[in-house]
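Let's take a walk through this one, helix by helix. Keep the viewer open as you read.

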Amino acid sequence: MLFLTLFLGIILNSVGYIPPGNINLTVVQITINRGIKQALYFIFAFSGIEMLFTFGVMRFVQWLSSEIKLGNLIDAAMILVFLVLGVFTWRSRKEMPKADYSKKDSIRYGMLLGVLNPMQIPYWLFVGTYLIAHEWINIGYLSLSVFSIGSGIGAALTLYGFARFAEYIQRRFTLNSYTLNRGIALLFFALSGYHIVKLGYIYLIRH
């Protein structure tokens with residue numbers, strides 16, 4: 001049973017990080033600007049926080065689900081997150097990559113985004129409610145701990161795939177950092193715009 005719980009955590013969170021978002025695009029950016037080694041430090045730190053994040057959300061999934069306006073708050077938070085990352089990436093697009101980067105900086109950055117990761121809350125609310133309702137996992141500490149470990153492993157595997165893909169694209173097509181950073185910044189702005197339009201529709205049209 002615990003093996004199945006671990007497997008579910010790995011698979012479900014691997015899938016959760018496939019769509020373009022603030023975390024996988026940040027991994028791509030770090031790989032391009034700093035290299036695969038620094039991206040791995042980021043992924044390691046982020047995945048550790050992801051385990052704690054998953055445990056907390058899954059533990060209180062029923063209470064969080066009762067918060068009707070939680071989805072709108074998450075959309076507002078994502079607007080801010082994507083705008084900040086977009087501006088940061090756009091401003092750094094002309095900077096030449098430095099020869100060396102601090103391991104601690106990448107780890108701290110991974111931990112920071114692990115904490116500021118509201119996009120995963122609705123995902124785990126939906127998935128967690130389904131899993132618990134169908135008794136695929138229970139909310140005991142041991143089961144959720146194993147599930148959360150699997151979640152961290154799944155996030156690490158998918159993000160590692162993004163890092164390797166970014167490295168391959170940069171090497172294969174000999175794209176410079178300016179072009180790739182500009183493209184990532186535009187994606188961040190587009191994702192922020194999506195959440196702005198979504199909230200605008202909810203408050204201005206649907207109501």
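Start with helix H7, which covers residues 120-133. In this predicted model, its 14 residues reach 19 Å from the first C-alpha to the last, close to the 20 Å expected at 1.5 Å a residue. Which residues of H7 are buried? They are Gln120, Ile121, Trp124, Leu125, Val127, Gly128, Leu131 and Ile132. When you look at how they are spaced, keep a bit of helix geometry in mind: an α-helix has 3.6 residues a turn, so residues three or four places apart point the same way. After H7 comes Glu135, with a positive phi near 60 degrees.

Now hop back to helix H2, residues 22-34. H2 is mostly covered, with 12 of its 13 residues buried. The buried set runs through Asn22, Ile23, Asn24, Leu25, Thr26, Val27, Val28, Gln29, Ile30, Thr31, Ile32 and Asn33. Following H2 is Gly35, and its phi is positive too, near 105 degrees.

Is Leu4 buried or partly exposed? Its relative accessible area is 40%, so Leu4 counts as partly exposed, a label for values between 20% and 50%. Leu4 also belongs to a nonpolar surface patch, together with Met1, Phe3, Phe7, Ile11, Val15 and Ile18. Taken together, the residues of that patch have about 730 Å² of accessible area.

Technical notes. Residues are numbered from 1 along each chain as its sequence is written. This is a predicted model: local features need pLDDT of at least 70, side-chain atom pairs count only at pLDDT 80 or more; totals for chains, interfaces and linings use all residues. Side-chain values use heavy atoms; hydrogens and water are left out. Helices (H or I, at least four residues) and strands (E, at least two) are DSSP runs, numbered from the N terminus. The expected span of a helix is 1.5 Å times one less than its number of residues. Buried means under 20% relative accessible area, exposed over 50%, partly exposed in between (1.4 Å probe, protein chains only). Patches are made of residues with over 30% relative accessible area and no salt bridge: like charges are joined within 9 Å, nonpolar side chains (Val, Leu, Ile, Met, Phe, Trp, Tyr) within 5 Å. Accessible areas come from the Shrake-Rupley method with a 1.4 Å probe; for residues, only the protein chains shown count as cover. A salt bridge is a side-chain nitrogen of Lys or Arg within 4 Å of a carboxyl oxygen of Asp or Glu.
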